[in-house]
There are 2 protein chains.
Amino acid sequence: MKEAKKRNIRNLSPDKMNKFLTLSLLITLGIALQLPAQQISIEQAVMQAGLFAPKPSYLWGGPDGAYLQLKNNTIISVQAKTGRESTLLTRDELNVILQTSGIEAIQALSLPEILQDGAFRFKSGSIIVDFDWNQKKVIGKFSVPVGSENFILAPTGKIAAYTAGQNIMISDNSGKSKPVTVDQEKGFVNGQSVSRNEFGINSGLFWSPGASRLAFYRKDERKVPEYPLVNITATPASPEMIRYPMAGGPSEVIQVGIFNVTDGSTVFLEEDAFGNDRYFTSISWDPSENYLYAGVLNREQNHLFLNQYDAKTGHKIRTLFEESSEKYVEPLNGLTFNPIDPTQFIWQSQRGGFNHLYLYRTDGTLIKQLTQGEWVVTDFPGWDKNGKYIYFRSTDPSPLERHVYRMDLNTGVRVPLTPDPGTHEGLVSPDGRYIIDSYSSYSVPRRVLLKEIGTREVRNIFDAPNPVANLSMGQYKSFTIKAADKKTDLFGYLVLPPAMDSTKKYPVIVYVYGGPHVQLVMNTWLGGASGWQHYMAQQGFISMTLDNRGSDARGRDFEQIIHRNLGKAEMADQMEGINYLCSLPYVDSNRIGVHGWSYGGFMTTSLMLNYPDIFKVGVAGGPVIDWKYYEVMYGERYMDMPSENPDGYDLSSTLPRVKNLRGRLMLIHGDIDNTVVWQNSLMFVRKCIDEGKLVDYMVYPQHPHNVRGKDRVHLMRTVTRYFQDHL
Amino acid sequence: MKEAKKRNIRNLSPDKMNKFLTLSLLITLGIALQLPAQQISIEQAVMQAGLFAPKPSYLWGGPDGAYLQLKNNTIISVQAKTGRESTLLTRDELNVILQTSGIEAIQALSLPEILQDGAFRFKSGSIIVDFDWNQKKVIGKFSVPVGSENFILAPTGKIAAYTAGQNIMISDNSGKSKPVTVDQEKGFVNGQSVSRNEFGINSGLFWSPGASRLAFYRKDERKVPEYPLVNITATPASPEMIRYPMAGGPSEVIQVGIFNVTDGSTVFLEEDAFGNDRYFTSISWDPSENYLYAGVLNREQNHLFLNQYDAKTGHKIRTLFEESSEKYVEPLNGLTFNPIDPTQFIWQSQRGGFNHLYLYRTDGTLIKQLTQGEWVVTDFPGWDKNGKYIYFRSTDPSPLERHVYRMDLNTGVRVPLTPDPGTHEGLVSPDGRYIIDSYSSYSVPRRVLLKEIGTREVRNIFDAPNPVANLSMGQYKSFTIKAADKKTDLFGYLVLPPAMDSTKKYPVIVYVYGGPHVQLVMNTWLGGASGWQHYMAQQGFISMTLDNRGSDARGRDFEQIIHRNLGKAEMADQMEGINYLCSLPYVDSNRIGVHGWSYGGFMTTSLMLNYPDIFKVGVAGGPVIDWKYYEVMYGERYMDMPSENPDGYDLSSTLPRVKNLRGRLMLIHGDIDNTVVWQNSLMFVRKCIDEGKLVDYMVYPQHPHNVRGKDRVHLMRTVTRYFQDHL
């Protein structure tokens, strides 16, 4: 829940083949630093300013198969073969043309969306512009209606859908929009993301490929209790009510509608398996537009039907397959169709223990499992245009890294395209000849290689200098230990003070997240360590981070050990990290602190209470205090309902263990946190008062779940001072 | 605003002549302590357990003019002349009789209300019982209806009024209640206290002496903005909206209704002077029941009309007199009528600079000013039954003390009845022969004397032993300094560590309130010092408290110096206290802290920001951060509206001065504070974040303006630890 962006990358709808969009902002430091080194300021550390190399963007689809990049507000076209650069378009040139077309000038050029050879699309003000770069003229304009939200242009570019308040509108660019839904009653919401963005859901509008139909989510949250967030900047303060379904309580009722653009009619998907208490996931259009596919998942999240529906009637045609589990199944992706044979699609599933690709026929026949092994597919953007190859990223050969592979579907041969150690993103040219391989690693701040696939031709097109060469960074030290099960490898790192005297003893701060869908330790620039950890190293604190069981990218069983017992295995593993720490001669085992946010705040609080002899100081931000205060979708996946798992809720709650508190613990919360609601930490404080335990507290007014922007510097100064005062 | 109870004692409606009810819970320590002394625990210090002597209660009106007191659940009758005791009634005896009358037995006897010779009244369960102690039988029963609130029995004992929801009902004990008001619309409230209990208002129902009519307040708060308090003990948390009129904003509209019990009709007082923006204060019935008196005060609170109204029609008959001021007038009391001549009443006013008594005729003629001098009448319960004498308490001869006086209205001779130094309460016998004088002082934990007035006959009927004889108390040291005006005397005290070595230097904590209507320094047992101050002395901290200009019981100009500039004179005076402190050889002037709550939280925060060089550590509880967030009634009295006094609001606001913060400051707030709303300290934290200033914070969930009960121990442990950590 902390790193929503991180999770979402696994769930991007496959919009552009060969375009690998991933997040790898965290890079690693692996080279020796030379003196004299500059001190890192807290501002620099927290804003991560100057710690990472720039990461240039590229785009295939320029003239004659060139790729495009941006330099000084100019789009440059680069021939892959020769590296020859030419100017495609300058901002000033573009603005002159825009103005003659009555379109607002743009301030800064960004890489556009390629439409077809010779044309691209970008947005200027409220106008979506299609531009022909050969003729240097505007070939299409589409106005985004004033006040529209969730605007989405259909693939045809001729029609768009958007939301206005609780309803959906469509616009054909004539200036008059038409309503798709006309709900008036409070509590109904159409066309927006549902299920609190779990299951990879981040949109509520789904155009069919030919734009004849629009699928959409309709959410009935009339029975979902309201939670009050208070706006203290109003005078007097005013409540803003949000719908927040709490574990075990009334939840949203989701429908999927299909709007027929031609006749204006709407049908809803028939649902016969689970009644109202279920999720609709993986919404995908059949290329023919005749069918819509959706995963129907029960509220318990352990039984999924992948269904094909008739787009005209909404009737279910068939269940293609089912997936079930004693713990949970978690559909995160849609169906990705073979561009040549639309009866074939690829489905991602960790049913075999690791997330892999399965080739299916639309009648439900499993053609074959495409990938296998004790590693996971992390991203699958799609097929090549001939349906011959697929490209994907995975954790093979190391869960600390990401590599791009090409698989020949006929032969099943899988070729690694990014062999250098590190965390890679790849951008394959439409003709499949080239890949732009952008990566970082412990020793590489950022490098971009242009490779001709299947040959040894490689050109280094970007190589960043070490951004921290002159900074007094901590010493990064990775380590591997066994989990509490004595067999599973866990990965971690230490950040040691820059000029540590290993004959002395240093205090340690454990930085922890610990929850599912997040991986903190990776072979990237800085190796997952934050600027703050390096800052604290400079202040004489060692820090440690360890990805315990339950964390991301290690497969089903590694993650699902946490099921119904959040915190248990995670803490057991963190304590293995503590054992490792205590084995180091330069660690002062009487001065161990712990800090984390969100799930990491839960972990911090839990560690302080379950191991009061070990942890002297803790700072828990936005902490889940009791899973009964968390929401249905994420919470029940891992914990089931409170009524179904009373022991698990009790054992994972921090409240019954407040009486164990011995060290200094500070809780921090944003007062309009709509993810982990404020009630969590306030109830903890109340319990501390009941139990006669002193506790420290800080609130970040008008901040939601995370404190971002410049206030984050204040936050981390507060955290820093707390450790300095008390550890 | 902190000490509502304290203020209210000045405003009790004159219900029982000769019965002086005052608060003097704080007493003083003035005698040398002998070793071995026991340490005071924080629990004992905060709960003030065992620091004060018991304070026995007495009641005149027993058989043959005896007074009554309670011993072991037995009502004892004591002859004033001889001191001879006899048992009037035991609890067990009473309970047998109650049970035969079908009335619930009582658990603990308390002193009842005397009705007349031979009868008293008390409550058992939901029954009000009139009991004849000669015949030993129940002579009257009145049932309090289930669910009733603000129940008030008429003086006749035959009829009662109460509120149910937003309306008023009356009951004649027949079991059927009748409605007095029938408001349905949200925002109308009848029969409850109005004006946020300012102006001595603490009730909304006023029976006429013969119960023929019922006057009541009707409040229209439809336009008063709602402020959200959040109940975090509900799952999910739920908002509870309170009406909170903020300075300068829409306020309550008050009416005074008069209900005619006989015909069921209601009239409302005509109001012609100030429109809807005004207060109705000092509601008083004429003994004839034909007239109602009320003060009509403009919203600015500087112009009062004391009006006589026709009880039948609500029409104004005349304005008896007006009071006005460049600053404010503050009517706090009703009219008190001469029991023999109902055309005479006494009015309290500080129009001459000090609160004194004025004898008026009901036609508006001022007969004479009864009391004068540079001291204030603090309590005036009423006349003797013959209209010959009045009794009152005042600050003559010292503002640190309270003494009871009798005045002969014919001669104007004023006789002190309680000459011993200290803070006295007096209970005069109905025949005026005796006074029970209960007092404490620096050297007297609690002493009760029975005196025959006008003679030298005195009997000591209670003398408490020193409750702290074996405790390691701090050394109390009172002092007098000049205010910042260089002429006004200010009173203060220090509490020094028990075995202070005056050749060493000690840190100091200033405990401050500083606002109007509160006096902290008095000649009572412990002298106003709290148990916590003694506890901190034991921990090696000196503490200082000083009543600055603006505080209570020193007259109009002393208080009104604060008008439109809250904090200015108060801080200037506190800094004189700091100068005094710094002149003491054993004070470490580099280690000065400050702590206060409510107005004291405002003062603490202001002192930290205005004198960052002086104050190293501050703890501000429930602080007003900007007077624009405070309410209309109290706030506008002192500050006018924000639009009328922008400079004053700006200068008194802590927010523009956050940038000066240098020391360690902790703010503490109850999250359901409905007096100083939470918005205050949250906005302060927000401003600190904006300004890059670190600040500490603590919340007491589900506590209102003051943290009471056992949680107060936790609070003061938190405060203590903060000073120990940082001062």
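## Exercises on a predicted two-chain model

The cover over the buried residues of H7(B) includes helix H6 (568-582), strand S40 (587-597), strand S41 (615-621) and strand S42 (664-670) of chain B. Here contact means C-beta atoms, placed from the backbone, within 7 Å, and helices (H or I, at least four residues) and strands (E, at least two) are DSSP runs numbered from the N terminus.

The model is predicted: local features need pLDDT of at least 70, side-chain atom pairs count only at pLDDT 80 or more, and totals for chains, interfaces and linings use all residues. Residues are numbered from 1 along each chain as its sequence is written, while chains are lettered from A and ligands numbered from 1 in the order in which they are written.

**Exercise 1.** Work out how many residues of H7(B) are buried.

*Solution.* Start with the helix: H7 (residues 599-610) of chain B has 12 residues and reaches 16 Å from its first C-alpha to its last, close to the 16 Å expected at 1.5 Å a residue (1.5 Å times one less than the number of residues). Next, apply the burial test: a residue is buried if 20 or more other C-beta atoms lie within 10 Å of its own, exposed if 12 or fewer, and partly exposed in between. The result is that 11 of the 12 residues are buried, among them Tyr599(B), Phe602(B) and Leu609(B).

**Exercise 2.** Describe how chains A and B are related and how they meet.

*Solution.* Superpose them by least squares on C-alpha atoms of residues with pLDDT of at least 70 in both. Chain A can be laid on chain B with an RMSD of 0.1 Å by a turn of 180° and a shift of 0.0 Å along the axis. The copies are thus related as by a two-fold rotation axis; in chain A, the C-alpha nearest that axis belongs to Tyr697(A), at 2.8 Å. Now turn to the contact, which takes 35 residues from chain A and 35 residues from chain B. H10(A) gives the largest share of chain A's side, 6 residues. Lastly, 100% of the interface residues of chain A are also interface residues in chain B, so the copies meet through the same surface.

Definitions and conventions:
Two residues are in contact if their C-beta atoms, placed from the backbone, lie within 7 Å.
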